Amino acid sequence: MGPGSVTSTLDRSAPVFKIVHAQFLAPGIKRFVIEAPRIARKQKPGQFVILRIYEQGERIPVTIESSDPERGTISIVVQAAGKTTNLLNSLETGDSILDVVGPLGKPSEIKNYGTVVVVGGGVGTAMAYPTASALKRAGNRAISIVGARNKELVILESEMRGVSDALLLTTDDGSYADKGFVTDKLRQLIENGTRIDLVVAVGPIVMMKAVSEMTRKEHIHTVVSLNPIMIDGTGMCGGCRVLIDGKSEFACVDGPEFDAHKVDFSVLVQRNTMYRDAEQRSMAEFQAKKNTQDHPEDGQACSVASGVRQGVQR
Ligand code: NAD
Ligand code: FES
């Protein structure tokens, strides 16, 4: 029995979104293709969805990597970081997700800027990809920079190569391509005198901040995609408040993309770490339950899958 039976404990009359394909791209990083025809028809690069796996579950924002309006599907990429994303990544082809709300957020501003550099850090590459693709189709010369901690964590390399005039790759440990951070490649481009009209950066906050500091000095227009905690995704709850040019804005409706040089990254870091203790406790409980059920010799003869179901019922 697959962990997909997550939904078997739920109200069967509730609308669910079927997973038509699920595949790990890298350890802990999984791509899901989900039936969501209305979202697939409307989705534009830069937008995201908010998912809920079960009735009392946490709502999590996830980037839309691509959509296929003809098949009525969207594709998302999820990195297992906490309890909910671990639960999500245990779902398989044929399973379902309770709620998928979207497309949310303003689309990326796509036009012919000239030469654009799209920077994808780690799993942020999944959000950088549709934007890079749209910017290339709009006639830009597209240079992409993709960075990951190591070889195993490089994702969407061929996809990014396919939409880029040049793809520059780095790994932090040098296990693949060039050793270093994405910012090393950006610095090289700037130092080589490459004309850059726009930089788009998506990835961990520390990376987006480093890119922003580098381009500010060069007066290069830079856009970052922010990923604060989100709840309703409608601009009502205030959960995703970010400080832009000294004013409060909501990433879910005013973003997620903002002018990097106006973003207060320290507020973003502070708000994103506010629930870290609770998240760690929840993850530890989930892991402990999973471990117990992974070892039936401890007297708990049940599968990880049913462990997931028990987690859901709590
Ligand atoms: P990671 O920590 O593995 O970093 C990815 C790459 O970012 C590194 O390989 C490096 O090239 C670069 N980087 C990291 N630290 C840097 C620094 N100090 N200076 C310059 N470059 C640096 O990333 P991960 O584990 O894949 O995590 C991805 C993060 O991106 C998560 O925190 C996730 O929440 C976030 N994310 C953001 C968005 C978004 O919309 N902004 C979308 C998806 C994921
Ligand atoms: Fe509630 Fe943005 S998620 S205001």
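**View 1. Secondary-structure elements around ligand 1 in the predicted model.** At least two residues of the ligand 1 shell come from each of S9, helix H5 (182-191) and helix H6 (205-218). H6 makes the greatest contribution, supplying 3 residues.

**View 2. Composition of the shell around ligand 1.** Ligand 1 is surrounded by 25 residues. The closest are Gly121, Gly122, Gly147, Phe181 and Met207. Sorted by class, the shell holds 12 nonpolar residues, 11 polar residues and 2 charged residues.

**View 3. Strand S8 and its burial.** S8 spans residues 115-121 and is mostly covered. Of its 7 residues, 6 are buried.

**View 4. Pairing of S8 with S9.** Strand S9, residues 141-148, runs parallel to S8, and 7 bridges join the two. In this pairing, threonine 115 is placed opposite arginine 141 of S9. Between S8 and S9 the chain passes through helix H3 (residues 125-137), forming a β-α-β crossover that is right-handed. S9 also takes part in the shell around ligand 1, with at least two residues.

**View 5. Pairing of S8 with S12.** Strand S12 covers residues 198-202 and pairs with S8 in the parallel sense. The pairing comprises 5 bridges.

Key. Residues are numbered from 1 along each chain as its sequence is written. Chains are lettered from A and ligands numbered from 1 in the order in which they are written. This is a predicted model: local features need pLDDT of at least 70, side-chain atom pairs count only at pLDDT 80 or more; totals for chains, interfaces and linings use all residues. A residue is buried if 20 or more other C-beta atoms lie within 10 Å of its own, exposed if 12 or fewer, and partly exposed in between; C-beta atoms are placed from the backbone. Helices (H or I, at least four residues) and strands (E, at least two) are DSSP runs, numbered from the N terminus. Two strands pair if DSSP finds at least two bridges between them. A crossover is right-handed if, with the strands pointing away from the viewer, the path from the first strand over the helix to the second runs clockwise. A residue is near a molecule or strand if its C-beta atom, placed from the backbone, lies within 6 Å of it. Ala, Val, Leu, Ile, Met, Phe, Trp, Tyr, Cys and Pro count as nonpolar, Asp, Glu, Lys and Arg as charged, and the others, Gly among them, as polar.
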